There are 2 protein chains.
Amino acid sequence: MAVYTEIEDEELERFLADYDIGHLTAFRGIAEGVENSNFLLRTDKAGVASDFILTLYEKRVNPDDLPWFLGFMRHLATEGLSCPLPVAGKDGNALRMLAGRPAAITTFLSGVWPRHVHEAHCAPLGAALARLHVAGSSYAPTRANSLGPHAWRPLLNATQQSAGSEEAFPALIGELDQALGRILSDWPGTNGQKDLPHGQIHADLFPDNVFFLDGKVSGLIDFYFACTDLLAYDVAICLNAWCFDDDGAFHPVFAQRLLEGYESIRPLSADERAALPTLCAGAAMRFALTRLYDWINTPAGAMVTRKNPMAYVQRLRFHLSAAGSEAYGG
Amino acid sequence: MAVYTEIEDEELERFLADYDIGHLTAFRGIAEGVENSNFLLRTDKAGVASDFILTLYEKRVNPDDLPWFLGFMRHLATEGLSCPLPVAGKDGNALRMLAGRPAAITTFLSGVWPRHVHEAHCAPLGAALARLHVAGSSYAPTRANSLGPHAWRPLLNATQQSAGSEEAFPALIGELDQALGRILSDWPGTNGQKDLPHGQIHADLFPDNVFFLDGKVSGLIDFYFACTDLLAYDVAICLNAWCFDDDGAFHPVFAQRLLEGYESIRPLSADERAALPTLCAGAAMRFALTRLYDWINTPAGAMVTRKNPMAYVQRLRFHLSAAGSEAYGG
């Protein structure tokens with residue numbers, strides 16, 4: 001839920017004058033996206049109504065990364081993926097400033113994100129992820145994953161420091177510390193482990209970032225964690241985000257559909273499959289750690305809804321006890 | 001900023017099946033409105049796209065009042081006012097249940113609400129308010145103003161009790177208590193004071209409830225404080241909401257434009273004009289009291305942004321020292 005920054009009328013008018021998208025006819029704050037301020041923007045150009053999303057990038061996005069993100073979205077849209085297409089101003093630049101923040105206008109996508117995931121969502125989701133990977137392979141610039149494996153130990157240490165001596169935490173942090181040791185020693189491409197295919201990944205493809213229409217994926221949004229990393233790690237993030245119910249129970253059928261959908265476009269190699277338990281544990285670790293850090297460092301009742309880290313600790317336990325990649329079906 | 005309730009996909013599907021508005025193609029939470037949850041709903045019907053707002057009524061709205069509110073909006077829209085038109089389901093009912101809450105679909109209105117009020121907004125706003133009053137005169141059902149003068153003393157007492165012995169408050173509460181005595185003894189229709197014309201009023205026509213397009217009012221929204229009360233009191237609420245800048249300075253020219261716009265549609269009687277200082281002081285009192293009550297009873301950093309009551313205490317002081325209705329121009 002997010003409008004962190006209000007935009008003055010005159011500022012908005014001046015900003016839009018730099019575009020050739022017609023005349024503003026509606027402007028509403030959108031209560032979605034946690035990191036940035038988003039507005040629905042409707043324009044009229046010679047009688048044709050068009051909708052856009054105006055995003056103001058707030059402090060959690062590094063402005064230096066924005067050209068990479070917007071370039072990636074433009075690349076994917078050009079390759080036929082349904083994702084927000086950055087709209088350039090009259091000078092050709094899509095990345096601009098508004099209300100003291102970096103800002104961009106992108107196209108509006110139809111569809112509804114699933115509040116509850118069903119089996120039927122999982123194959124289309126998997127296929128959409130694979131299409132993203134395939135389309136991304138021709139986007140040459142790279143961006144390191146700032147929340148990848150090398151970041152997890154420092155994040156755990158920072159969490160431990162913030163937690164102080166609060167009673168509930170030492171046991172949990174001990175558990176994460178031990179799990180992290182195992183995950184990092186098994187991680188592909190390190191410690192003599194086989195490396196896996198790299199490429200552009202979304203890295204945050206949760207249900208609220210995927211719109212569906214008539215049972216098909218109609219749009220992928222929120223590319224602001226995208227980066228260059230193991231493609232199968234992106235699959236592992238989706239297995240975590242789409243294949244467990246609210247009570248933390250794993251749905252093997254959902255995972256099977258997700259992998260079938262993915263492999264209908266891009267088959268996983270035997271090494272990628274074999275690494276799934278470790279990749280899934282790593283993905284669960286990444287979200288457990290950022291949620292735990294935010295939980296401890298966000299005052300209760302603050303504007304941002306805190307997400308419970310324990311849902312990802314439960315997933316982590318599941319993956320660490322998984323008996324090989326067969327646990328994920330297939 | 002408001003999505004307090006999430007709606008399950010299947011619930012939404014079942015809910016929409018009771019309407020004849022076509023097929024859902026987009027659904028986004030709207031970060032506007034403080035009291036309720038609002039969603040942008042787009043449908044496609046035989047190739048024609050239409051936009052609606054879906055509102056879930058949260059706990060601050062009394063469900064028993066909803067038929068009156070929706071009936072009033074339908075009446076105003078039928079009379080040609082640009083306000084949300086409640087959309088009836090196939091059974092003819094506009095008021096339904098969704099996610100355990102009363103819910104309604106209304107039409108989407110174009111326009112942008114002014115983040116900063118300028119002189120040019122004030123005459124169109126005044127005229128729109130007068131049109132609302134004229135159109136409302138043929139809506140027969142009445143609804144008492146639950147935040148009218150009779151509610152102010154109990155609200156002040158409740159505020160005093162919640163405030164406890166916090167240092168800053170006794171002086172402020174003493175000031176409000178004294179001002180309230182004067183306002184209530186001067187209030188039209190009481191204590192031998194002349195009564196004024198009653199009718200249906202909006203009672204909350206702040207800038208974020210008024211959309212403009214090309215310098216004209218394109219829509220009035222948020223009728224959930226509307227009630228039957230003195231028409232000139234609604235003018236007084238707008239004088240408070242539109243004619244002071246962020247530093248609390250009064251703009252007599254804004255007030256003059258607002259009154260000119262209003263009187264271009266519905267002239268004020270001499271008695272209504274003469275009562276403006278008391279009505280304006282009462283309106284300032286009403287918003288000072290509800291904001292002060294919320295300020296004291298909302299924990300710092302809660303999800304709801306607290307509005308500073310002092311802006312309305314300043315306005316109250318201004319109105320109490322106003323040298324007659326000439327202070328408001330005209």
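Modeller: Let's start with a word we need: angles under 35 degrees count as roughly parallel, over 145 as roughly antiparallel, 65 to 115 as roughly perpendicular and the rest as oblique. Helices here are DSSP runs of H or I with at least four residues, strands are E runs of at least two, and both are numbered from the N terminus.

Some ground rules. This is a predicted model, where local features need pLDDT of at least 70, side-chain atom pairs count only at pLDDT 80 or more, and totals for chains, interfaces and linings use all residues. Residues are numbered from 1 along each chain as written, chains are lettered from A and ligands numbered from 1 in the order written, and side-chain values use heavy atoms, leaving out hydrogens and water.

Now the helices. Two packed helices are described by the angle between their axes and the distance between those axes. An axis is a line fitted to C-alpha atoms, for helices over the stretch in contact, with angles running from 0 to 180 degrees between N-to-C directions.

Take chain B to begin with. Helix 5 (residues 169-186) and helix 10 (residues 310-320) of chain B have axes that come within 12 Å and cross at roughly 45°. That is why helix 5 of chain B and helix 10 of chain B are called oblique to each other. Their crossing is left-handed (the near helix is turned anticlockwise from the far one by less than a right angle; clockwise would be right-handed). So who touches whom? Contact means heavy atoms within 4.5 Å. From helix 5 of chain B, the residues include Leu172(B), Leu176(B) and Ile183(B), and helix 10 of chain B answers with residues including Met310(B), Val313(B) and Leu316(B). Sorted by class, this contact of helix 5 with helix 10 in chain B has 8 nonpolar, no polar and 3 charged residues (Ala, Val, Leu, Ile, Met, Phe, Trp, Tyr, Cys and Pro count as nonpolar, Asp, Glu, Lys and Arg as charged, and the others, Gly among them, as polar).

Among the residues making the contact are Trp152(A), Leu155(A) and Thr159(A) of helix 4 of chain A and Met285(A), Leu289(A) and Tyr293(A) of helix 9 of chain A. By class, the contact of helix 4 with helix 9 in chain A counts 10 nonpolar, 5 polar and 1 charged residues.

In the second pairing, helix 6 (residues 231-242) of chain A packs against helix 9 of chain A at an angle of about 65°, with the axes 8 Å apart. This time the crossing is right-handed. The contact includes Tyr233(A), Ala236(A) and Ile237(A) of helix 6 of chain A, along with Leu279(A), Cys280(A) and Phe287(A) of helix 9 of chain A. The residues of this contact of helix 6 with helix 9 in chain A divide into 11 nonpolar, 2 polar and 1 charged.

Phe250(B) is in the loop between helix 6 (231-242) and helix 7 (252-263) of chain B. With a relative accessible area of 14%, Phe250(B) is buried. Leaving aside neighbours within four places in sequence, Phe250(B) is in contact with residues including Cys243(B), Phe318(B) and Tyr328(B). From Phe250(B) to Asn240(B) is 10 residues in sequence and 8.9 Å in space, C-alpha to C-alpha.

Phe108(B) sits in the loop between strand 5 (101-107) and helix 3 (119-136) of chain B. At 12% relative accessibility, Phe108(B) is buried too. With neighbours within four places set aside, Phe108(B) reaches across to Ala26(A), Arg28(A) and Arg42(A), and its contacts also include Leu40(B) and Phe52(B).

Finally, how do the two chains relate?

Key. Buried < 20%, exposed > 50% of the residue type's maximum accessible area, 1.4 Å probe, protein only.
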